[in-house]
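Here's a walk through one protein model, written for someone who likes to know the cut-offs. Have the sequence and the coordinates open while you read.

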Amino acid sequence: MANAKLTHPDQWPRISGIVPVRQRRRLAVRRVWNLVGRRAELDELLGVLERLGTGSRLIEVTGDAGIGKTALLSEFSKAARARGALVLASWGTEGPRDARYGAFDDVSLFEGAPEIRGRLAEFFPEDASLRHPPDRVVRELLEEMAAPALVLVIDDLHAADPGSLALLAGLLRRPPRVPVLFVVAYRDQQAGTALRSALDGASPHVGAAHLPLDALSEEEIGEILAEQGIASWQRQLYEDSQGNPAYLKALISERLASPGSVEQGGSPGHYAVFLRELDGVSEEARAAADAAAVAGGQFDAELVARMLDRPDSVTLAAIGELIGRGVVRPEARGPYFAFRHPLVHRAVYFGAELSRRMHLHSRADAVLRERGAAAPERAVHVEQRARHGDLEAVDVLDEAARAITGTAPVTAGSWLATALRVLPRGPEHVQRRARLLVRLAKARGAAGDMRGCRDTMHEALRFMSREPASEHAKAVAFTAMIQRMLGNHAETDAMLRAEYEALGEADEVGRAALVFEIASRELNKGDWSSCSRWAAQALELARRNGHRSQELACLGLMAKANVSVGELEVASGHLAAATAILDGMLDGDFAYSLDAVVWVGWSDALLERWDEALWHFDKAIQFAGRTGRLLALPHLLVGQVFALYNRGRLDEARRAAEYAVYLAQRSGSPEQLVSAYSMLAWADTIMGRFDRAEESGAVATGQFRGTVSGFEALALRMLAEARLMTGDAEGCLALVGPVGGPNLGSADACSRVAWYELLTRAELELDRPEAATKWAESATAAAQILDQPGRGALASLAMAQALLATDPEAALCSAERAASGLAAAGMAVDALRAKAVLGAALWHHDRYDDAVRELKDAQLGLERLGAVTLSRLARKERRRLAARNSRARTAATAATSAALGIVAVLTERERQIADLVGEGLTNRLIARRLHISEKTVEMHLSKVFAKLGVSNRAAVASMVTRDRPAADLA
């Protein structure tokens, strides 16, 4: 049977860095997993114990290997002992099948009753011969214990020796005269005839029950993983582990190891639990297991037999022994088999001695070559046996790498690196070496190793001939992309222009690659109009040459450029065309279009299509993680953070930001580092983690290099937001400079509204209402150009906040538009911020109950989302207004009881102001006392003059003083 692709240990994607470094140790040790998903089963066992009464009971706990039977029984034993029961537990493991009474001769069996252990020793001497029938001996011992509750636990019963099964059968057939709870655990798929006979032959007086353990659900796996890793990583772990706790632990151990350790065998602790399953197997079975592991996760018996030079019958018998142990399973009709799980495969593979593995690889390749197997099947073996100068090995590795580069770049890179080591360095091989280096560089780049990719490309270009011109041009374009991401802008521009001029007009394929990279460079610089022009040229060339992946990339780039300049209708057209191509792609093409998804997803987000953005980002992120194509992953994650924030999924947003930081650290790209660290600083700040936010903000600031790129400008707003929320309003305003000054030249048109709203808040924090009003007016102007519901509502929010500081009663309309508009646009966090502003505006209209309701809704909503910092601000405003309301109501009540004539004509706010005039306060002091502007005081006072028929403050003071009761004046 042909090996399935990517089933060999050397082909596994290198994804050990899925979790950020500072989380690694916590994941391995911080959680107690035993009871996750098993609490109901534990309660059921304890319930049976409590109802044991006068008769014995038998509970069969069944499930697959690693499903948690031992963990459940261990927890049950502890809980039963805590309830006063005497628990005798035998934790059997796989071992020699010729042992006698091993389950009952377990040292741990009578750890709860050491004196019984000494007595039992005479019945189980070292030669394992009994002087009396074993069931009678053990039955008498159990009866002598006469405990209030006696529990006998036997784990791994499927691996028990025949003597133990016979002894248990005797105890169940003739149970002790004292009630005993028998709890046995076994793998139901490995339950042999003897085991079933022992359990089925129990006395009718022994009540029996079956407790099967199923795989954990995705939600339960999420409980184990807690806040670790992003959602797609958790989902991938759930799928890879199949809901099995043992597999989950081993997978996490692998992926938290230092990079490369999994490929070299990792820590023995990763696989020890699985290797123990081979303890006691015959030499033939162990040899078959080693050969099968080298052959692949799936294998056929004939291949294993020829690798070992054994008769088919001997090999099949050995495989049958492995099936009995549950190590392998039949895969289909005929001599086709597979390891139970990839982890078991890896355990056996890395558990084999190195020189033996290499010999088996050579034997496997010889057989596969005779069979005419495809290059990807042979490559994993050729890589192990290739020697310098073996051109046939180079051919196999080269062809195999071509077949899998799109979906397994790290494996392809490993094969190409081996091919380059084997390839002779003579002049006749120079051009082949150059081509192999280019492909190796692309594989390294796809895997996120940007510096290694750049260095390899430079080496390739030194060897590479300028003919064919299209190949040279594409190599230069790829090098320019990597250098751009690493921040080498001047060198990149010069390289692109020189190659473009040298190429001429004839070679359209090479020109398309160069033109597209020039367009990307223009977008990176913030020259969106120039980007659109270059991208349009690249699109025309891509369509003429039928290059769908490049057509998609051009359309996505043009959509992003058009969105950035505010041409939303044109952008929507490009985006629709790009989405039609993207959604119809198969994995083979999708692998080379992850960069395009960045542009498509960001365009979706800036057009306020949050669900579409998340769909595209999630799909690309899952694919990138599954295949190890990490080059575009930090940018995809940053886009996902932005969309998740607007949808109010803050916890997921923070985890995505932390993963983006980890990948950006590996890539070394300043652009990715600024974006990822800024997003993490913002996420930590909004969730109240100020210390971590400060660290991330410092790193992001340290990566600035003058003006920023488009990605950096998008992320810097989040960093500015983080600074403002931590009380650094001046630091927030300082970030306007890198983004192009007051006009925000480096920010796209859609992001400017959010920037201006943020700057409005910063100026208000510094008590500069006039400056805040100017920023709010800028937000309104920017939103009018776009005509987007969400951005328009955000501009209304900016204006409402500015008006609260200058003309509070005029803020209500803007606040209402902001709250309803942001909620309708799906911008969850901003909508709740707007509700808090609406509450403050309602208070100034004397609608105290409505104000309290809006502020309470905002506070509780932000708490539910995890926006700790924003919820605290809402709570603070709620308390402040409540205190002011109490003072205002007290003053109003006194005035009402004293001056009925004034009450008849003045509003509550007008009465407040009239009373304060009577106390001799100036307009400025009245404004401070009531937390309103002087202009508002003047407006209300003019109404007081008109209603009372007076023309000056003295007359108002006289009327208020005259109408007060004597007690008040005293």
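What follows covers a sheet, a helix, the nonpolar cores and a few single residues.

First, the ground rules: this is a predicted model, where local features need pLDDT of at least 70, side-chain atom pairs count only at pLDDT 80 or more, and totals for chains, interfaces and linings use all residues. Residues are numbered from 1 along each chain as its sequence is written, and side-chain values use heavy atoms, with hydrogens and water left out.

**The sheet**

Helices (H or I, at least four residues) and strands (E, at least two) are DSSP runs, numbered from the N terminus. Strands count as paired if DSSP finds at least two bridges between them. On that basis there's an open sheet of five strands, in the order β2-β3-β4-β1-β5, with parallel pairing. β2 (86-91) and β5 (207-212) sit at the edges with a single partner strand each, so one side of each has no neighbour in the sheet. On average, neighbouring strands are turned by 15° against each other, direction ignored.

Zoom in on β1 (residues 57-62) and β4 (residues 180-186): six bridges join these parallel strands. Thr 62 stands opposite Tyr 186 in β4.

Contact here means heavy atoms within 4.5 Å, and angles run from 0 to 180 degrees between N-to-C directions of axes, which are lines fitted to C-alpha atoms, for helices over the stretch in contact.

| Helix | Lies across | Angle |
|---|---|---|
| α3 (residues 69-82) | β1, β2, β3 (150-155), β4 and β5 | about 160° to β2 |
| α6 (residues 162-173) | β1, β3 and β4 | about 145° to β4 |

How far apart are the end C-alpha atoms of α29? They're 19 Å apart, which agrees with the 18 Å that the 13 residues of this helix (residues 594-606) should span at 1.5 Å a residue. That expected span is 1.5 Å times one less than the number of residues.

α29 is mostly covered, with twelve of its 13 residues buried. Buried means under 20% relative accessible area, exposed means over 50%, and partly exposed lies in between (1.4 Å probe, protein chains only). Among the buried ones are Trp 599, Val 600 and Trp 602. After the helix comes Glu 608, with a positive phi near 65°.

Ala 553, in helix α26 (residues 548-564), is buried too, at a relative accessible area of 12%. Not counting residues up to four places away in sequence, Ala 553 touches Phe 516, Ala 596 and Trp 599. From Ala 553 to Val 600 it's 47 residues in sequence, but 8.7 Å in space, C-alpha to C-alpha.

**Cores and cysteines**

In soluble globular proteins, nonpolar side chains tend to be buried together. A nonpolar core is a set of buried Ala, Val, Leu, Ile, Met, Phe, Trp, Tyr and Cys residues joined through side-chain atoms within 4.5 Å. The largest one has 158 residues, and Leu 633, Leu 636, Trp 682, Ile 686 and Trp 755 touch the most other members. Helix α41 (residues 828-843) gives this core its largest share, eleven residues. A second, separate core of 47 residues includes Tyr 247 and Phe 337.

As for cysteines, Cys 453 is buried at 0% relative accessibility, and Cys 750 is buried at 1% relative accessible area. Searching the whole structure for disulfides (cysteine sulfur atoms within 2.5 Å) turns up zero.

**An exposed loop residue**

Asp 767 sits in the loop between α37 (749-765) and α38 (769-786). Asp 767 is exposed, with a relative accessible area of 64%.
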